[in-house]
Amino acid sequence: MMESVWNGTVALPHFERLEGDRNTDVLIIGGGITGILCAYFLQERGIDYLLLEGEEICHGTTGNTTAKITAQHGLIYAKLLKKAGLERAKLYLEANQRAVQKYAELAAAIPCDFEERNAYVYSLDNRKKLEQEAEAYRMLGLDDEIVEPIELPFPTVGAVRMKKQAQFHPLKFISQIARTLKIYEHSFVTQLLPGKALTESGSVSYQKVIFATHFPIDNKHGAYFLKLYQHRSYVIALEQAAQIEGMYVDEAKKGMSFRSYDNLLFVGGAGHRTGKKSGNWQQLRGFASKYYPDAIERYHWAAQDCMPLDEAPYIGVYSKAMPDAYVATGFRKWGMTSAMVAAMILSDLVQGIESPYAEAFYPARNIFTKQLVCNGAESVFNLLTPTVPRCPHLGCALKWNPAERSWDCPCHGSRFSESGKLLDNPANGDRTSKLPAR
């Protein structure tokens, strides 16, 4: 059975279903770590809020993370300096460093296996990229450097190090901070009206709303169906494999990531756009058999991530046409740190407080990039593909995923089980027509 080590070792608290009608100042839609942290900060400040979760808290991406807490998001800072300038790059770095610090503060009172670790981006063959990133670090005031990683089982040309980052058990953390929050589970939002969210068994009237739904669920505003695509990646957890102290990720898109937890080594990778083919867990198992021949696989799981057009997530006002709605999405595989950044920013914005970091993540920034063309081409191709079944979100042709036995949408990343049950949004509910048997 596919299950992450997090889901396999913690029982999360459960909450009642929404029954009847409620009123609140701030409605949070989505019970992953982003929504829960937003609720936690609003409750700390005495703000009236409610959180609605369609299934159970952290049943999706949060439970399938590798749980690295770091401001090092691949080789991002050289790119940010070039595309966005020094000030925005500094804001991005400071926001994520503050997120790491905030986790450390909260984890001091929560047993969640929080451990300070160094983070590394390594390269197999491109030392120049590492040197450019190290120079970006110096421009941003960091004293980290290129080092020679000795913990990896293969040669590299070096790695850029960022010191004093962290890792933890995300569901141990969530299980503690969520217990006293005002959460309703099994309360799927079926329709959004101005100032009102409807579920099958009740409604919530609100003044402001935070969309913490991974992929935003409102297609009418913000153009998120153009600004985002989704990406799947895979993880195996190995026992009897050499443990490592650092957290490692390859600068190459198809490279591997590594971290240790307890007596397990996590090996991640085999990533691909949702709806496309990849080597999935078999590719990782082939790697493990070569480099860790005595290891035993104890867990395996997959994650799905929203990818923005550029390097930064979209955190802030949903769109100019929805000034009382807020969004957090496009975390680009760095969901733990980005969730904390989002919660810090949005808990300010819903109170009318200007956030010092908001500018770096403004959702309505320029969208004209090469990735926009790729996203548009993918959508057109799959809309014109004369096959069934089709995704109820925007009508793209679904593709069969034999490794996970699911029907996946290559346009926007919705996924469905063989019976038609929704596995990943942005589709707003199960398929009503039966999917072909495979």
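Leu 91 counts as buried, because its relative accessibility is 17% and the limit for buried is under 20%. The model described here is predicted.

**Around Leu 91**

Leu 91 belongs to helix H3, which covers residues 86–107. What does Leu 91 touch, once its neighbours within four places in sequence are set aside? The contacts are Pro 356, Tyr 357, Glu 359 and Ala 360. Ala 360 sits 269 residues away from Leu 91 along the chain. Even so, the C-alpha atoms of Leu 91 and Ala 360 are separated by 6.1 Å.

**Salt bridges**

Side chains of opposite charge can pair when their charged atoms come close. How many salt bridges does the structure hold? The count is 28. The table lists some of them.

| Lys 182 | Asp 48 | 3.5 Å |

Take the salt bridge between Lys 182 and Asp 48. This pair links distant parts of the chain, 134 residues apart. Lys 182 lies in the loop between helix H5 (170–177) and strand S7 (183–184). Asp 48 lies in the loop between helix H1 (33–44) and strand S2 (49–52). Lys 182 is partly exposed, because its relative accessible area is 35%. Asp 48 is partly exposed too, at 31% relative accessibility.

Are Arg 88 and Asp 310 buried or exposed? Both are buried.

Arg 405 counts as partly exposed, because its relative accessibility is 39%. Glu 418 also counts as partly exposed, with a value of 31%. Some salt bridges share partners: Arg 232, Glu 404, Asp 408, Arg 415 and Asp 424 are joined in one network in this way.

**The sheet of S18 to S21**

Strands S18, S19, S20 and S21 make up an open sheet, in that order. The pairing is antiparallel. Which strands form the edges? They are strand S18 (399–401) and strand S21 (422–424), each of which pairs on one side only. On average, neighbouring strands of this sheet are turned by 35° against each other, direction ignored.

Look at one pairing. S18 joins strand S19 (residues 406–408) in the antiparallel sense, over 3 bridges. In one of these strands, S19, Ser 406 is the bridge partner of Asn 401.

**A patch on the surface**

Which residues form a nonpolar patch on the surface? They are Val 380, Leu 383 and Leu 384. Together, the patch residues have about 300 Å² of accessible area. Val 380 is part of helix H9, which covers residues 370–384. Val 380 counts as partly exposed, because its relative accessibility is 47%. Leu 91, by contrast, counts as buried at 17%.

Conventions. Residues numbered from 1 in each chain as written. Predicted model: local features only at pLDDT ≥ 70, side-chain atom pairs only at ≥ 80, totals over all residues. Heavy atoms only, no water. Patch = residues over 30% accessible without salt bridge, like charges linked within 9 Å, V, L, I, M, F, W, Y side chains within 5 Å. Areas by Shrake-Rupley, 256 points an atom, 1.4 Å probe, with all protein chains shown as cover. Salt bridge = Lys/Arg side-chain N within 4 Å of Asp/Glu carboxyl O. Helix = DSSP H or I, 4+ residues; strand = E, 2+ residues; numbered from the N terminus. Buried < 20%, exposed > 50% of the residue type's maximum accessible area, 1.4 Å probe, protein only. Pairing = 2+ DSSP bridges. Axes fitted to C-alpha atoms, helices over the stretch in contact; angles between N-to-C directions. Contact = heavy atoms within 4.5 Å.
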